[in-house]
Amino acid sequence: MSFTTDTTRAALNGRALFFKIASVFFASAFFSHHAAASGAIGDHVNDMSANLDNYTEEVVWLIGQVDVIVDTYENEGTKAAAPEAVVDHWEAVDFHSAIEVNYIPLYASIWQGLFGVRVAIEEGAPIVVVRAEQDKLEQTLWQSLGAVKVAAQYQERGLLPDVEATTPDSPIETLDVIKQRLDRTLAKYAEKLDDEAIGIVQDTYLNLFEGIEGMLIEQDADLVESLEIDFNVALPKAIQDGESVDEVRAVIEGMKDKLDRCKTLLKEAQEQRSDVF
Amino acid sequence: MIKGIAAAAASPLLTTPLARAVSVDDLDPLVGELTLYLGRGEGGLYENVLEAIEKRNPDFNLKIRRGPTAALANVIVAEAEAGVKGPDVFWAVDSGAIGLVSDAGLAKPLPADLTDVLQEEFQFERWAPVTGRIRTLPFHTVRLQAADIPDNIMTLPDSDLSLGWAPAYASFQSFVTAMRILQGDAETQDWLQRMEKRAKPFAGELGVVMAAERGEVDVGLANHYYTLRLKSGKPDARVDLAFTRNDAGCLVNASGVLALNDNEVTFNFIRYLFTTQVQSYLAREAYEIPLVSDVNPPDGLPPLDTISPPKVDLTLLADLKPTLDLMRNAGVL
């Protein structure tokens with residue numbers, strides 16, 4: 001039995017409690033949370049099936065708005081296109097929070113796509129380059145809508161129960177939570193919230209990884225040392241240096257691979273551990 | 001304020017308890033329900049202990065709330081003030097949080113038979129330390145021997161050794177709090193400022209120990225178990241432990257448990273934590289220092305009668321704010 005709270009989503013002005021993941025499959029990717037009564041995330045994330053039509057309309061609308069901006073750029077140039085509006089449009093839709101609480105890797109990709117279009121226009125890139133960025137954004141949005149639809153089915157079947165738990169119960173769960181936090185780091189970086197992204201990295205290291213590395217060092221000291229460098233040097237430096245989202249993603253994916261190796265080692269260690277009684 | 005740890009200055013760490021630790025076979029089965037607030041720590045090994053207790057007692061329903069120790073302590077106090085039923089037992093990874101709950105008058109006196117199994121220095125009326133950990137100076141063995149390391153923590157920054165520390169790490173901050181208690185704020189701030197000029201900072205204390213092993217620094221400041229664990233996984237690791245004498249540099253801190261009611265199931269549950277089996281398990285698997293008789297310390301610790309921890313009321317270590325202010329003033333944080 002667990003009951004713990006957490007605070008999330010400063011950007012959306014919402015406080016939320018994460019649901020505990022019911023299925024192993026979803027543990028690594030999907031997660032959901034309650035919306036506080038006053039939170040801007042909204043109760044819709046707790047009843048996604050009833051809101052799928054709305055989400056679909058929003059995705060269609062958003063794609064249309066981006067298309068208008070790109071058309072305007074093609075015909076009238078950067079100033080008339082006002083590309084900064086792509087972010088405003090994205091933040092205006094409920095779907096924004098639906099994908100954020102359900103599939104943070106795609107949430108990061110959406111932000112990457114939004115800024116891809118915006119920056120290409122702001123830099124006066126050829127229209128073919130802007131259209132390529134637009135296409136990537138559209139693909140990501142449709143993919144995200146699909147992910148939310150799948151999550152809604154699981155939610156409806158009670159497979160995303162709203163047990164309040166952000167504190168993992170075991171080292172294995174801790175590793176899953178660390179991977180989720182790394183995905184969130186990428187999302188915040190893609191949102192251009194560098195300080196928040198680094199804060200998540202530091203908090204994850206001190207409050208989660210640090211608690212299990214003592215056990216891991218007995219299994220593979222080199223692996224722990226490599227992750228120490230990733231947490232404390234490589235990832236913060238990639239963010240501080242303003243590397244591309246893809247480059248930061250590569251660092252994070254490398255860390256997640258190492259964390260998977262850690263999971264294997266911890267499972268093996270647990271099996272070999274002596275009994276208490 | 002409850003009475004804190006008072007390990008006699010310049011005396012051996014261990015003294016003889018009034019009673020021997022019991023085997024789990026000597027305990028009554030647990031029957032009923034109990035709510036435990038468990039401070040996160042030890043990478044799940046406490047969970048293994050709790051699972052084993054549950055498995056052994058099929059008529060016992062254990063509800064666990066987990067979280068950072070300090071946060072849970074604050075929740076317990078807030079729940080009591082609001083008249084909400086809180087936990088029956090609080091198991092904290094550090095004694096400072098125990099002090100916070102005890103100071104609120106919420107801890108119940110423990111039965112004598114329960115605390116008598118602990119060494120005399122660790123017997124208190126309203127809480128019981130479960131296992132200990134000691135501050136150490138891990139050093140690079142290629143260049144140094146233990147005799148080369150200052151045995152006075154206050155003189156460490158005056159040595160010509162390269163140093164490593166993790167100022168943001170919670171155990172380090174408890175150590176600085178102990179130094180404040182023992183040496184006073186002015187001397188502690190001066191020490192921090194002298195160290196800050198010399199020491200290389202790391203995010204965590206495992207990083208400190210690994211830096212000492214690589215020879216990146218000569219000496220670090222860290223809890224004992226990181227070095228023991230590293231040497232367990234890497235027997236040829238080029239690092240060993242040195243200890244200061246009778247100062248904060250060899251502070252013994254402890255996880256602790258307290259009862260929030262005087263139900264028999266509450267006390268019986270706590271008794272399980274002091275059985276030879278649980279104490280041995282935590283020493284063997286978590287490298288923690290057992291505080292009962294007849295249980296060996298973790299492999300790799302030097303003879304315990306050579307260690308001279310200072311007299312410090314561990315429950316005072318919860319008073320972190322002045323420590324953090326001092327560290328900020330010294331430019332360490």
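**Entry 1: chain A overall**

I began with chain A, where residues 24 or more positions apart account for 70% of the contacts with a separation of 6 or more. I count two residues as in contact if their C-beta atoms, placed from the backbone, lie within 7 Å. The model is predicted: local features need pLDDT of at least 70, side-chain atom pairs count only at pLDDT 80 or more, and totals for chains, interfaces and linings use all residues. Residues are numbered from 1 along each chain as its sequence is written, while chains are lettered from A and ligands numbered from 1 in the order in which they are written.

I then listed the elements. Chain A has 11 helices and 2 strands. Helices (H or I, at least four residues) and strands (E, at least two) are DSSP runs, numbered from the N terminus. Along the sequence the pattern reads β-α-β-α-α-α-α-α-α-α-α-α-α. Of the 277 residues in chain A, 44% are buried. Here buried means 20 or more other C-beta atoms within 10 Å of the residue's own, exposed means 12 or fewer, and partly exposed is in between, with C-beta atoms placed from the backbone.

**Entry 2: α4 and α6 of chain A**

I looked up how helix α4 (residues 85-92) of chain A meets helix α6 (residues 104-122) of chain A. They pack at an angle of about 155 degrees, with axes 9 Å apart. Axes are lines fitted to C-alpha atoms, for helices over the stretch in contact, and angles run from 0 to 180 degrees between N-to-C directions. The two helices are therefore roughly antiparallel. My cut-offs: under 35 degrees is roughly parallel, over 145 roughly antiparallel, 65 to 115 roughly perpendicular, and the rest oblique.

From α4(A), the contact uses A:Val86, A:Val87 and A:Trp90; from α6(A), it uses A:Leu114, A:Val117 and A:Arg118. By class I get 5 nonpolar, no polar and 1 charged residues. Nonpolar covers Ala, Val, Leu, Ile, Met, Phe, Trp, Tyr, Cys and Pro; charged covers Asp, Glu, Lys and Arg; the others, Gly among them, are polar.

**Entry 3: where chain A touches chain B**

How many residues of chain A are in contact with chain B? I find 28, against 33 residues of chain B. On the chain A side, α9 (194-219) and α10 (221-240) each supply at least two residues. α9(A) gives the most, with 11 residues. The chain A side divides into 11 nonpolar, 9 polar and 8 charged.

Next I followed α9(A) across to chain B. It packs against helix α8 (residues 224-233) of chain B at about 25 degrees, with axes 6 Å apart. That makes α9(A) roughly parallel to α8(B). α9(A) brings A:Gly214, A:Ile217, A:Glu218 and A:Gln219 to the contact, and α8(B) brings B:Tyr225, B:Tyr226, B:Arg229, B:Leu230, B:Ser232 and B:Gly233. By class the contact has 4 nonpolar, 4 polar and 2 charged residues.

**Entry 4: the largest nonpolar core**

Nonpolar side chains tend to be buried together in soluble globular proteins. I define a nonpolar core as a set of buried Ala, Val, Leu, Ile, Met, Phe, Trp, Tyr and Cys residues joined through C-beta atoms within 7 Å. The largest one here has 173 residues, and B:Phe90, B:Val101 and B:Val257 touch the most other members. α6(A) gives the most to this core, with 11 residues.

I checked B:Val101 by itself. Not counting residues up to four places away in sequence, B:Val101 touches B:Ala73, B:Ile76, B:Val77, B:Phe90, B:Leu106, B:Ala107 and B:Leu258.

**Entry 5: single residues**

A:Lys263 lies in helix α11 (residues 245-272) of chain A. It counts as partly exposed, with 17 C-beta neighbours inside 10 Å. Its C-alpha atom is 6.9 Å from that of A:Leu175, 88 residues apart along the chain. Leaving aside neighbours within four places in sequence, A:Lys263 is in contact with A:Ile172 and A:Leu175.

Which residues other than glycine have a positive phi? I noted A:Ala82, at about 50 degrees, and B:Tyr287, near 60 degrees. A:Ala82 sits in the loop between α3 (78-81) and α4 of chain A. B:Tyr287 sits in the loop between α10 (276-286) and β11 (289-290) of chain B. Buried or partly exposed? A:Ala82 is partly exposed, with 14 C-beta neighbours inside 10 Å. B:Tyr287 is buried, with 27 other C-beta atoms within 10 Å.
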